[in-house]
Every structure is written in C-alpha cells, then in structure tokens.
Amino acid sequence: MHRGSLFRHADFRRLFAGDTASQFGVFVGNTAVPLLAAVTLAATPFEMGLLTAAETLAFLLIGLPAGVWVDRMRRRRVMLTADLTRAALLLSVPVAWWAGVLTLAQLLVVVLFVGIATVFFDIAYQSYLPSLVGREHLLEGNAKLQAVQSTAQIAGPSAAGVLVQLVTAANTVLVTGLGFVTSALCLLRIRAEEPAPRRDGHARLLPQIAEGLRFVFSDKPLRAIVGTTATANFFNGAFMAVYVLFLTRTVGLPPAAVGALMAVGGAGGILGAVCSGAVTRRVGQSRAIWLVPLVTAPGYLLIPLAAPDWRLGLSGFGLVFSGFGIIIYNIAQVSYRQAICPDRLLGRMNASVRFVVWGTIPLGGLLGGALGEGLGLRGAMWVAVTGEAAAVLWVVCSPLRHLRDLPTEAKSDSAAA
C-alpha cells in the first residue's frame, strides 16, 4: 500500500466501519446513561460519582491480567466477545425500564460489567491494529480511527439529547447496544488471518504482568506519557461525575442542549484528527506530545464559566480548543507506543498503560462526587479543569522536551526484557 491509502485496505475498512458503529453507540450511551441516572432516577452528586467510578473500575480490577490473557488469545475473537457482551448488558436496561423495575443498583452493575468487557476490547483493539495494517501505517490508521471517535463525539451526544427528550433515556440506551451488535458484525467480516499468539517461556501470570510493566516504566518518554494521561484522566473522572448535573441543575439546560454542548468538544477532536498528520510532520512527534497540549490546555479553564447567556459559547470554545489538543496528543502517543513495542508484548504493554491511566478515572469519579457535595457543582468543576490543564507538566518536564522526533522501531526482545 502507498501512503494515505488505508481505505483501499478492505479489512481496515471493515474495522473502520465496526469502530464507527461502536463509537457512535459509546457516545450515545455516555450521554444517555448519566441522563437516565440524573433525570429518571434522580441520582445525587455522590451517586453520579459512583456511576462514573463503576464505568472504569474494571481497569483497576483486571487491567493487568487482562493484558496477559489477550496476548495468549486471538485478538479479533476477544473483540467480538466483548462487543456481544456489552450489547447484551446494555439491552437489559430498557427491558428493565419497560418492566418498571429499573434501579440505580442495576445501572451500576451494568456499567461495571460493560467496563470489564471494554477492558478486553480496548487492549485487544490497540494490539490488533499493527498486525492488520503494518507498523508503517500506524499514524494514518490511528488518525482515521480518532476522526471516527471525534465525529461520534459530536453526533452521539447530540442524537442522545434529542432522543432522550423524544423517547426517554432508557429507550435511547437501545442505540448503544445496537451499536455494539453492528460492530461485532463488521469484525466478523474481516478476512485477514491473524497470526497465532506466540507462546513464550513464562507459564505463570505474575512474571508476564511484570514484563509488561517493566517495558512501560523502563522507557522514559513512555513513563512521562503515562503520568500525563493518568493525571488528566483522574481529573476528567471528577469532571464527568458532575458535568451533567452542572449543566442541568446549575446552568439549567434541557437534555437536548446538554447533548449539543457535550458534542461541541468533538468538533475540536475532528479538527485535531484531520490536522494531526500535518502538525506532527511540521513540529515533530515529540512536540506533538508535549507542545500541542501545553498550548491548548488553557481551554479547560473556560469550561466552568458556562451560564445561560453568551458565556455558554465561551465554555463551548474551551471544549473545542482543548479537544483539538487532546486528539493530536493521543494520536502521537498511541502511535509511539504501538511502534516501539514488540508484537508479543503489545497486549501487556497496552494493559499496563491502561491499568494506570484508566485506573485513575474511578478514583477521580469518587472525588468529583465528594467535591460536588462539599464545594457545589461549579466549585467541583473548577478543581477538575485545573487538574486537567496541569497534567501536561509531566511531558513538558520530561526528556521529550529536548527531542523533535521519537524512535519508531520496535525494541528487540532483549531490550524489552
């Protein structure tokens, strides 16, 4: 394949289509489920914090061993199983609502087990892409898939807000479940034969977990990336715990307007995905990881200014500006991670990174709920966005600041061991 020709790759097109359906479902669910809890089930700020924590608790519970298990299995099969599991769990929500028995407890259990399936899907997904398209196409592949995510970030919440008003939040969760079903059907159509998992000399779980962690934390640029992402996700967990309540109760927005505002950040994400290749080539991959988010991080500080007047537009601009930087940062750092890691360690490397960077989100969710109760919703928002803006200091103060580009060759097994 020539540069920029991944859409000529039939199996990548199938992965792209499946990802589109899945991401649309995810972002519909990310708006519909909190609205269901806040509006239909009258959840308190602390209960919303519990819901945010439950969504990502799985990364703390099974994040590390999941990487070992993914490295032992065919990754597409793991993704299919995860998609169908998430679909079944989410479809139980409207069924319970129709029967008049839906409770917050059920919602907590559903999002917890959906989170467990997501752990396996995400680790397998990021480990599968290099073998499907080749390492030389990782930047392009990740940029296209990030563009899908950003588009879904616009379309999903907007559609969810309208659907919640038209057909209720519980019925809107149906869209999320059907998105995962569609994703599974697209993955089934991939024809490429996946290489058999490599068997190595480690028979026990703990040595294999330790090997993945050692690879991640022995690489200085990767260690700084993990620090930035983990800190940003911790405060984003606090942010998401109170954001819907902030918009509905403090700002006074209806569900459709909440969905529209939550979608605005996706516009910056699409722009970031479209521009990522040009920006990375112009400033270098290392600077795309630290300089771009440093410039765009102040956008976070505009978000809590939201009010039912012109300040709502200022808050939306903050979402767009920060979203632009987040996507360029993510494309650059994920492509770097995938490029330097040997194939046999991809699952464990991704699991080790996800364990740390996603494991902070439930802790942040609990903090956000507590801050919402103690400082009020706007006060909690200020703490959250300040922490998100400061997270970039990890990479700014790292060796990345002295580099233009980063190595793109996989480390040898001897270097990784």
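Trainee: Is the crossing of α2 and α8 left-handed or right-handed?

Mentor: The crossing of α2 and α8 is right-handed; that term applies if the near helix is turned clockwise from the far one by less than a right angle, and left-handed applies if anticlockwise. This is a predicted model, in which local features need pLDDT of at least 70, side-chain atom pairs count only at pLDDT 80 or more, and totals for chains, interfaces and linings use all residues. Residues are numbered from 1 along each chain as its sequence is written, and side-chain values use heavy atoms, with hydrogens and water left out.

Trainee: At what angle do the axes of α2 and α8 cross?

Mentor: Helix α2 (residues 45-71) and helix α8 (residues 220-250) cross at roughly 135°, and their axes come within 8 Å. Helices are DSSP runs (H or I, at least four residues), as strands are (E, at least two), numbered from the N terminus. The axes are lines fitted to C-alpha atoms, for helices over the stretch in contact, with angles from 0 to 180 degrees between N-to-C directions. The pair α2 and α8 is therefore oblique; under 35 degrees would count as roughly parallel, over 145 as roughly antiparallel, and 65 to 115 as roughly perpendicular, with the rest oblique.

Trainee: And which residues meet there, in α2 and α8?

Mentor: From α2, Pro 45, Met 48, Gly 49 and Thr 52 meet Gly 237, Met 240, Ala 241, Leu 245 and Arg 249 of α8. Five nonpolar, three polar and one charged residues make up this contact. Ala, Val, Leu, Ile, Met, Phe, Trp, Tyr, Cys and Pro count as nonpolar, Asp, Glu, Lys and Arg as charged, and the others, Gly among them, as polar. Contact means heavy atoms within 4.5 Å.

Trainee: Back to Pro 45: what does Glu 373 touch?

Mentor: Neighbours within four places in sequence aside, Glu 373 contacts Thr 44, Pro 45 and Phe 46. Glu 373 belongs to helix α12 (residues 346-375). Although Glu 373 and Thr 44 are 329 residues apart in sequence, their C-alpha atoms are 8.7 Å apart.

Trainee: Changing topic, how do α1 and α3 pack?

Mentor: Helix α1 and helix α3 (residues 75-98) pack at about 30°, with axes 12 Å apart. That angle makes α1 roughly parallel to α3. Their contact involves Leu 15, Ser 22, Leu 36 and Thr 40 of α1, together with Met 79, Asp 83, Arg 86, Val 93 and Trp 97 of α3. By class, these are five nonpolar, two polar and two charged residues. The crossing of α1 and α3 is left-handed.

Trainee: Is Ser 22 buried or exposed?

Mentor: Ser 22 has 4% relative accessibility, so it counts as buried. Buried means under 20% relative accessible area, exposed over 50%, and partly exposed in between (1.4 Å probe, protein chains only). Beyond four places in sequence, Ser 22 touches Asp 83, Arg 86, Gly 179, Phe 180 and Ser 183.

Trainee: Last one: how many residues of α11 are buried?

Mentor: In α11, 22 of its 30 residues are buried. Gln 333 touches Ile 225, Thr 229 and Ile 289, residues up to four places away in sequence not counted.
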